[in-house]
Amino acid sequence: MSTEALTSSEYIKHHLQNLTFGKLPGGDWGLAHSAEQAKEMGFWALNLDTLGMSIFLGLIFLLVFRSVAKTASAGIPTGVQNFVEWIVEFIDTSVRGSFSGKNPLVAPLALTIFVWILLMNLMDLLPVDWVPRIAHLLGLPFFKVVPSTDPNATFGMAISVFFLVVFYSIKMKGLGGFVGELTLQPFGKFGLPANIFLEGVNLVAKPVSLALRLFGNMYAGEMIFILIALMFGGGIGIGLFGGALQWAWAVFHILIVTLQAFIFMTLTIVYLDMAHQEHH
Amino acid sequence: MNINATLIGQSITFFVFVWFCMKFVWPPIMQALVERKKQIADGLAAGERGKHELELAAKRASENLHESKQKAAEIIAQAEKRAVQLVEEAKNAAKAEGDRMIASAQASVAQETVRAKEALRAQVAELAVAGAEKILRREIDAKAHADLLVAIQNEL
């Protein structure tokens, strides 16, 4: 923030702090005004910016797609309908390519994941100071505009996917089949401890890698934007150079933004496909 | 960057969004897509059929045209033949008529000739008799020589 004299380190920290709502040390409920306060709130606190932005973006997605779905007909599609149908068709092709079972949940799930994460990631392309600045004018101490740079959001989605994977594994193979898959392979029943260890790691690695991949990519991208934004305070020459860098990084970031959304979606489909398949 | 209840909020939001998408977004759009695919396929098939029919019709038309041309040629040939025939017939008829007329003329000429000969014969006999009478009046009696005169007359 340029209004106060901040050091670079403070500027970065400020940008990386979520708007957290929770129990303040005094016993009242309210917004945390520093990173320490947010930390002290413990688990029972909410990152209002993450939740707000993700719900806002999710609603945009659903409203646009719902408005198209309501008027969708086999006739000549309008502009928005065309665009929406293009995405739906793309998702449908991906699901058909990777998912061999029959489950009406998977394709809408993939669509939601892809578009929602894409929209969240796209927030990264907004200049880093715009939204925090507006939030500051509204009296909010922090505002992190990209929900996918908050591990809460990425882990929230990854754990939901993990829950679905476990649910469908048990549903398709039965509890015995699921437990058997965890305990009886790859070494047979005499290698049971090793089996549990290997398969357990395998199972847990799915949501963790899903969440951390998205979080890591977006966090790193955001960090670079923040570092570039620091250059704007360094005089006209460095500022202009920073502008060019920001533009270049944003262009490159469009690729990452789309790719990460696509990877999250594809891996979800693949994990669910594995959950539906009988092993051996 | 702390893990907190946002995690749970995000999960709940996630499930609500997925549910909504599965219930109200995906099926109608998919249905429209499937329907459109079918419509396009039908349209293409109809177009193909139309093209095929057009080809058939063109073939039939050209066949018809060919046939008509042939028929017309046949008719013309027949007409020409008939015309030649008519001319021939007319010629023949005319020739026959001419011949008939010539024959009748010849016949009448012959008749006239015969008649004229008869008349001449009678007259020659009379003249001969008259001549002989004149001669014989001077020399001989006509009655005495009558049998001679008749003999001469028959010789003519």
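Is A:Trp249 buried or exposed? Select A:Trp249 to find out. This model is predicted. A:Trp249 counts as buried, because its relative accessibility is 18% and the cut-off for buried is under 20%.

A:Phe252 counts as partly exposed, at 42% relative accessibility. Both residues lie in helix α9 of chain A, residues 235-276. They are three residues apart, about one turn of the helix. Look at the two rings.

Next, select A:Phe43 and A:Trp44. Here the aromatic pair is edge-to-face, with 85° between the planes and 5.0 Å centre to centre. A:Phe43 is partly exposed at 31%, while A:Trp44 is exposed at 60%. Over all chains, the structure holds 17 aromatic pairs.

For a group of rings, select A:Trp116, A:Phe163, A:Phe167, A:Tyr168, B:Phe14, B:Phe15 and B:Phe17. These residues form one aromatic cluster.

Turn to the salt bridges. There are seven over all chains. Start with B:Arg36 and A:Glu85, whose closest N and O atoms are 2.7 Å apart. This pair crosses between chains: B:Arg36 sits in helix α1 of chain B (residues 6-138), and A:Glu85 in helix α4 of chain A (residues 79-98). Both residues are buried.

Stay in helix α4 of chain A and pick A:Arg96 and A:Asp92, four residues apart. Their side chains meet in a salt bridge of 2.9 Å, N to O. A:Arg96 is exposed at 62%, whereas A:Asp92 is buried at 13%.

Last stop: A:Glu181 and A:Lys173. Their salt bridge is 3.0 Å, N to O, and both residues are buried.

Note on methods:
Residues are numbered from 1 along each chain as its sequence is written. Chains are lettered from A and ligands numbered from 1 in the order in which they are written. This is a predicted model: local features need pLDDT of at least 70, side-chain atom pairs count only at pLDDT 80 or more; totals for chains, interfaces and linings use all residues. Side-chain values use heavy atoms; hydrogens and water are left out. Rings of Phe, Tyr and Trp (its six-membered ring) pair if their centres lie within 6.5 Å; planes under 30 degrees apart count as stacked, over 60 as edge-to-face and the rest as tilted. Buried means under 20% relative accessible area, exposed over 50%, partly exposed in between (1.4 Å probe, protein chains only). Helices (H or I, at least four residues) and strands (E, at least two) are DSSP runs, numbered from the N terminus. A salt bridge is a side-chain nitrogen of Lys or Arg within 4 Å of a carboxyl oxygen of Asp or Glu.
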